[in-house]
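Dear colleague,

Please find below the structure that I am handing over to you.

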Amino acid sequence: MTQEPFVTQDQIDTYRRDGVVLVRGLFADHVETLRAGVARNMDEPGPYASENKREGERGRFFDDYCNWQRIPEFEQVIRTSRAAEVAAALMGSDRVQLFHDHVLVKEPGTSMATPWHTDGPYYFVEGQQVVSFWSPLDPVSTASLRCVAGSHLWEKDVLPTRWAKGDAFFDPAPYMPVPDPDAEGMTVVEYQMQPGDAVAFHYRTLHGARGNTSDSRRRAFSLRLVGDDARYVARPGPTSPPFPGHDMQPGQRLREDWFPVLRG
């Protein structure tokens, strides 16, 4: 029996115009599995785990990425959810390839915000057919993801910075300074969300999140996927994630033994 499409043409059009769209319930059937995976991830952090400690901030802001191969709950959701199908529709791509997973947890009373940034400049991927899904595993309102509509179409990339220190990740010459969207009157899109809802956004979309001032946790699972036109690109320095020893050359598709094809 053929399933109904998960996203509408209006949602597809919104994603391509604004670089961000809300997809209700995308991971709703997988929330408990993802919660179990996040618990395992926090109990057994990977080599890229970070506590994002900054002087003067309170609470705990944990994040970690590239763990799907060692956390079975993540791989199960990546392969059995409808995320690849939705990604194909939003990107306009026949092919959907896994880039990586990312977990972000802000414990109650965590003051540190997720700084404004775009993901693209940190990555060694170039292309327009790219999408991230950010899905809370707890109800969120003020600690939801915030995205600047239309920023994926800006002519220059935003300077990548280190979250805790705030310094430049690469030489700033090719990049524009990180804007302050609230002070500059930009159109910021954010949503009140239930567990399993997902924000879909382009790698070049400027986004961030406030601290978690509530009395409950804010666990979020992110999934980064790429499509037909995505290719490896060299950056001015080590990327995040770094994927050491990948042996790819500029212009190549991501190697399928490291970055599995999920569709197409």
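Two strands are counted as paired if DSSP finds at least two bridges between them. Please keep in mind that this is a predicted model.

I begin with a sheet. Strands of a sheet pair through backbone hydrogen bonds, either parallel or antiparallel. Here, 4 strands form an open sheet, and their order is S4-S10-S7-S8 with antiparallel pairing. Strand S4 (114-117) and strand S8 (188-190) are the edge strands, each of which pairs on one side only. On average, neighbouring strands of this sheet are turned by 25 degrees against each other, direction ignored. Strand S7 (residues 145-148) pairs with S8 over 3 bridges in the antiparallel sense. In this region, Cys-147 stands opposite Val-189 in S8.

I now turn to a helix. Helix H2 comprises 13 residues (residues 31-43), so at 1.5 Å a residue it should span 18 Å; the C-alpha atoms at its ends are 18 Å apart, which agrees.

Which residues of H2 are buried? They are Val-31, Leu-34, Gly-37, Val-38, Asn-41 and Met-42. These residues lie on the same side of H2, because they cover an arc of only 135 degrees around the axis. Glu-32 and Asp-43, on the other side of H2, are exposed.

What do the buried residues of H2 pack against? Their partners are strand S2 (61-65), helix H3 (72-80), strand S3 (96-106) and strand S11 (218-226).

Yours sincerely

Methods: Residues are numbered from 1 along each chain as its sequence is written. This is a predicted model: local features need pLDDT of at least 70, side-chain atom pairs count only at pLDDT 80 or more; totals for chains, interfaces and linings use all residues. Side-chain values use heavy atoms; hydrogens and water are left out. Helices (H or I, at least four residues) and strands (E, at least two) are DSSP runs, numbered from the N terminus. Axes are lines fitted to C-alpha atoms, for helices over the stretch in contact, and angles run from 0 to 180 degrees between N-to-C directions. The expected span of a helix is 1.5 Å times one less than its number of residues. Buried means under 20% relative accessible area, exposed over 50%, partly exposed in between (1.4 Å probe, protein chains only). The arc is that of the directions from the helix axis to the C-beta atoms. Contact means heavy atoms within 4.5 Å.
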